[in-house]
Amino acid sequence: MDFTLKIWRQEHAKAKGGFKTYPLKDVSPEMSFLEMLDYLNMQLIEGGDVPVTFEHDCREGICGTCGLYINGRPHGPMRNTTTCELHMREFTDGETIVIEPWRASAFPVIKDLAVDRSSFERIMHAGGFISTNTGCAPEANSSPISKHISDKAFDAAACIGCGACVAACKNSSAMLFAAAKIAQYAMIPQGKVEGKERVDQMVQQMDAEGFGFCSNTYGCEFDCPKGISVDFIALMNREFFSAKVCSQKRQ
Amino acid sequence: MALAGIFLMLFLVFHLATNLLMLAGDGGAAFGNAVEFLTTNPAVKIMEYVLFAGFLIHILLGVALQWQNYRARPVKYHKALKTETSRFSRFMFHTGVIIFIFLVIHLVNFFFVKLGWVSIPGEAGEVADRYDFFGMAEVMFSNAWYVAGYILAFVFLGFHLKHAFQSSFQSLGLNHTRYTPAIKVIGTIYALAISVGFSVIPLYFYFIH
C-alpha cells in the first residue's frame, strides 16, 4: 500500500510547528499504525533526516501512551481502538493521512506528535488513590460488593489515561478522564472512605490545569478507545455536589 | 448553568401557556385577564426580578464557559473533528446567541413598551394602551418578515432546548439507566412543543385572525 503522510513537525515546545508531507511506499496492510511510523522513521534516518517523534510503549492498547489525531479522529477511524492497535488495512491505498498531536492548552506539544500529559498525573496526585495500610491481603469476604457494582467500577477502571477524551472534546474538557478515575473508587467500599475529599480535590486540580468545561456533547465517549461511558460524568457530578453540600469543614 | 436553564425552561412553559390564551377566539379577553393578573400581582413582580437574574446567570455563565473552552485549545486542529455527536449539542453557543438577539428584540417590542421606554407600536388607536399585548401582537404579526423572523428564532430555540433538557439532568448528575432514555424522549417532546407552540401564535394572527 502507498500513502501520503501529512505529519505535524515541531522541533520543541516553543518552536513554531508546521505540516510536512512524506510519501511512503510499500506499506504492508498488516502493519500497525505505529509500525508504519517506525518504517517511515527508518527511511528518514537512512536519508539523514530527523525521525518523527511519537509516543508509544506497550503497543497492545493497555498503557495509554500512544495517541495520535489521525484524519480528524483521536486514535484514528476505528472505534474502541488505540493508535497502536490500528492497522494500515483500515486505510485505502493511495490515501493521504493527516497526523496531528492532541490539541489542548493542558497538553502542550513537547516535540512533533508527543504531548506533555503530566496534567493528568497531577489530577491523579490530587486524589486518584486510596489510603490503606500495606501488609497481607485482607479477607476478601469482609468487603461485600455486588457483581453489578464491581463490574461497573471495573468499566471505569478500564480508562488508560491516553487523553483521547480531551482530544475529542470540542471544549478540550477532561471530564471523562476525571470521572472514570473518580468513579472507579466511588462505587466500591474501599474508595468511599475518602470519596468526598477525592472528588473535590481532583475536580479542583482539573480546573487549575486549564481544561475546558463539559457541555455534554459526548464526543469523549464516542472516541474513547476503552468505551468509557459518560454515565460516569453524571456520577462524578453527583459526587461533587454531595461533597460540596455534605463534606465537613476542614480544620 | 443547568439550574438557571431549568428555571428558564419552566418559565417558557408558563409563558407559552399564557400566550396560547390569545388563540381562545374571544378577542383577547382571556389573555387580557391573564395579563392584568400578571402585571398587578406583587408576587409576579418579584418573580420578574428572579427571571431576569435567571437569564443573566445563564447568559453570563454561557459566555464564560465558551471563553474558557476557546482558551483550552489555542491551536486548532488542521482536520476538523469527525464525530457523530449531536449537532444540537455542538452549536449550543451559536443557537444561544441567536436566542439572545431574539430576546433583546422581544423585550424592546413588548416589555419595554409596557415600561414606557418605547412608544406603543402601530397607528393611533390600534393598540389600546401599553398593557394591550394582544393589540401589539396584532400589529407586530401583521408583518410577514416579523412573523418569519419570530418563527425562525423559535426553531433555533427548539434546537437549543433539544440538547438543553437532557444535558441539564446530566450536569446535575441525574442519570439513571431506567429514566435517562425517558428524559431524552421528554426533552425532544418539550423542545418540539415549545417551538411549535410559540410559532402557532404569529401564524394565527397572520393567516386567521
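These exercises with worked solutions concern a predicted model with chains A and B.

Local features need pLDDT of at least 70, side-chain atom pairs count only at pLDDT 80 or more, and totals for chains, interfaces and linings use all residues. Residues are numbered from 1 along each chain as its sequence is written, while chains are lettered from A and ligands numbered from 1 in the order in which they are written.

**Exercise 1. Describe chain A as a whole.**

Step 1. Take the secondary structure. Chain A has nine helices and seven strands. Helices (H or I, at least four residues) and strands (E, at least two) are DSSP runs, numbered from the N terminus.

Step 2. Take the extent. The C-alpha trace of chain A spans about 60 × 40 × 35 Å along its principal axes.

Step 3. Take burial. Of 251 residues in chain A, 43% are buried. A residue is buried if 20 or more other C-beta atoms lie within 10 Å of its own, exposed if 12 or fewer, and partly exposed in between, with C-beta atoms placed from the backbone.

Step 4. Take contacts. Two residues are in contact if their C-beta atoms, placed from the backbone, lie within 7 Å. Among contacts in chain A with a separation of 6 or more, 70% join residues 24 or more positions apart.

**Exercise 2. Trace the partners of strand β1(A).**

Step 1. Strand β1 (residues 3-9) of chain A pairs with strand β2 (residues 18-24) in the antiparallel sense, over seven bridges. Pairing requires that DSSP finds at least two bridges between the strands. A:Arg9 stands opposite A:Gly18 in β2(A).

Step 2. β1(A) also runs parallel to strand β5 (residues 96-100) of chain A, joined by four bridges. Here A:Thr4 has A:Thr96 as its bridge partner.

**Exercise 3. Locate the largest nonpolar core.**

Step 1. The largest core has 71 residues. A nonpolar core is a set of buried Ala, Val, Leu, Ile, Met, Phe, Trp, Tyr and Cys residues joined through C-beta atoms within 7 Å. A:Cys165, A:Leu176 and A:Phe232 are among those with the most contacts inside it.

Step 2. Helix α5 (residues 175-186) of chain A gives the most to this core, 10 residues. Domain 1 and domain 2 of chain A each supply at least three.

Step 3. Zoom in on A:Ala179. Leaving out residues up to four places away in sequence, A:Ala179 touches A:Phe232, A:Ile233, A:Leu235 and A:Met236.

**Exercise 4. Examine helix α8(B).**

Step 1. Helix α8 (residues 180-208) of chain B has 29 residues and reaches 40 Å from its first C-alpha to its last. That is close to the 42 Å expected at 1.5 Å a residue, where the expected span is 1.5 Å times one less than the number of residues.

Step 2. Its buried residues include B:Gly187, B:Ala191, B:Ile194 and B:Phe198. Their cover includes α1 (2-20) and α7 of chain B.

Notes:
Domain bounds come from an automatic or database domain assignment.
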